[in-house]
Amino acid sequence: MATWLKEWNPEDTNFWESTGKKIAWRTLTITTIALTLSFATWFMMSAIVTRLPGIGFNFTDNQLFWLAALPGLAAGTLRIVHTFLIPIYGTRHTITVATFLKLIPVIGIGLAVMNPGTPFWVFVVLALTAGFGGGDFSSFMPSTNMFFPARLKGTALGIQAGIGNFGVSIAQFMTPVMIGVALYGAPQLFKSVDKATGDIISKEIYLQSGAFWYAPLLIIIGIISWKYLKSIPMKASFKEQLDIFGDKHTWYCTITYFMTFGTFAGLSAAFPLLMKVLYGGFDPSLDPLKYAFYGPLIGSASRILFGFIADKTGGAVLTTITGIGLLGGVIVMIAFGLVNPTGMEQFPMFVGTMMALFFFTGIGNASTFRQFPIIFKHNPRQAAGVIGWTAAIAAYGPFIFSLALGAFIGSTGHAEGFFWILGIFLVIGTLINWYFYDRKGAERPS
């Protein structure tokens, strides 16, 4: 079977209708399913760590924040690598190998949680391998960008990224479900506090199932990817692809995408532990995973919806709205003491404001990826590279957010200082987008 397509010109209407459309949408379907599993395995550690103390692991809050943060550190670094893979190895090989690689953290984490004596350094290594799932984005999205004509790029990228982002919610929703299912190995005794009586409650769980259940899905999608995917003949060496860094707009786009996706991914990874640490003292029975998955779910849904809208309105105006909306949410967090709470009565407003933040990140995730192909419309290969690069830097969001929140909470007991810094960054990112891409007479309106 030939790996590389002989020709590819989606802007030619005849070619698109006769040949390109079928291949492009088939590729989008397969790679989107694969990307959803990538996000789920990337964030599975953030869901699993909330259960580790209850089954006998004596890790500190700071260590747990580190475990939630490390997949983001690995993902950002791996995304830099993935940025350059598609023009070298093509879609078929890159997607297939990336899918099978995720079996390492899935099986490894499942085995590690079965033994409360597993040392912290082992979890550190496994948390880093969970970053395989986060790294994929910077090859999947440039691939999709090249398969579709300009008029459909916002829609296609919005669908893939939005549905892919649902993987975060899948990890945080399915983990509590799957730990009640015996797939392999003995159960653990999970201890929690009864809210009404204060008594210790014990129940059997299979925490390893929260990781193991991905394995058969990854194997199936890996085989499908190898059989049905093809690669576009747009090849370039690593050295040739470095030309994106000579354009100042690569760096401006990096800032705006970190403002949107970096915030989405960072809050997704830190949200469960943030709830537990800030409000768990007022209610020891608080289970953050009952609430955490709603945030990424809302952000993913708004990304899909506004991918279509961005194709109609343009991306820049929506990115400006995103920055203003996120800044408003941060102001509410600080002004009402939601990240320095005095009691559980603030909890509903905290959760509601977090949902609003996730909603706006979804808008911005869609709008920025609509902008980048327009900003770099003079060179489609560079546009694909910028999409991969910006996604790489934004993938450090979980690492930066989790580590910074852990540090602020560890030193002050609350997260107010972190949200002050986030607010300042949001102002900078919004102004950059408005000046270069949104205002009348902007340098590269998009």
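Me: Why does Tyr 214 count as buried in this predicted model?

Reply: Tyr 214 has a relative accessibility of 0%. Buried means under 20%, so Tyr 214 counts as buried.

Me: Where in the chain is Tyr 214 placed, and what is Tyr 214 in contact with, leaving aside its neighbours within four places in sequence?

Reply: Tyr 214 is in helix H10, which covers residues 214-228. With those neighbours left aside, its contacts are Leu 37, Ala 40, Thr 41, Met 44, Val 106 and Ala 171. Ala 171 is 43 residues from Tyr 214 along the chain, and their C-alpha atoms are separated by 9.8 Å.

Me: Why are H12 and H14 called roughly antiparallel?

Reply: Two packed helices are described by the angle between their axes and the distance between the axes. Here H12 and helix H14 (residues 294-313) pack at an angle of about 150 degrees, and their axes are 10 Å apart. Angles over 145 degrees count as roughly antiparallel, so H12 and H14 are roughly antiparallel to each other.

Me: Which residues make the contact between H12 and H14?

Reply: H12 supplies Tyr 257, Phe 261, Phe 264 and Ser 268, while H14 supplies Pro 296, Gly 299, Ser 300 and Arg 303. By type, four residues of this contact are nonpolar, three are polar and one is charged. Gly counts as polar and Arg as charged.

Me: Which residues touch the most other members of the largest nonpolar core?

Reply: They are Leu 52, Phe 350 and Phe 419, in a core of 108 residues. Helix H12 (residues 248-279) gives the largest share of this core, 16 residues. At least three core residues come from each of domain 1 (1-236) and domain 2 (240-445).

Me: What is Leu 52 in contact with, leaving aside its neighbours within four places in sequence?

Reply: The contacts of Leu 52 are Phe 57, Phe 59, Leu 64, Leu 67, Val 113, Phe 123 and Leu 207.

Me: Which residues does the second core include?

Reply: This separate core has 15 residues, among them Leu 5, Trp 8, Trp 16 and Phe 148.

Me: How do you know that domain 1 and domain 2 are in contact?

Reply: Contact means heavy atoms within 4.5 Å. On that basis, 56 residues of domain 1 are in contact with 53 residues of domain 2. The C-alpha centres of the two domains lie 20 Å apart. The bounds, 1-236 for domain 1 and 240-445 for domain 2, come from the domain assignment of the chain.

Note on methods
Residues numbered from 1 in each chain as written. Predicted model: local features only at pLDDT ≥ 70, side-chain atom pairs only at ≥ 80, totals over all residues. Heavy atoms only, no water. Core = buried A, V, L, I, M, F, W, Y, C linked by side-chain atoms within 4.5 Å. Buried < 20%, exposed > 50% of the residue type's maximum accessible area, 1.4 Å probe, protein only. Helix = DSSP H or I, 4+ residues; strand = E, 2+ residues; numbered from the N terminus. Domains from an automatic or database assignment. Axes fitted to C-alpha atoms, helices over the stretch in contact; angles between N-to-C directions. Parallel < 35°, antiparallel > 145°, perpendicular 65-115°, else oblique.
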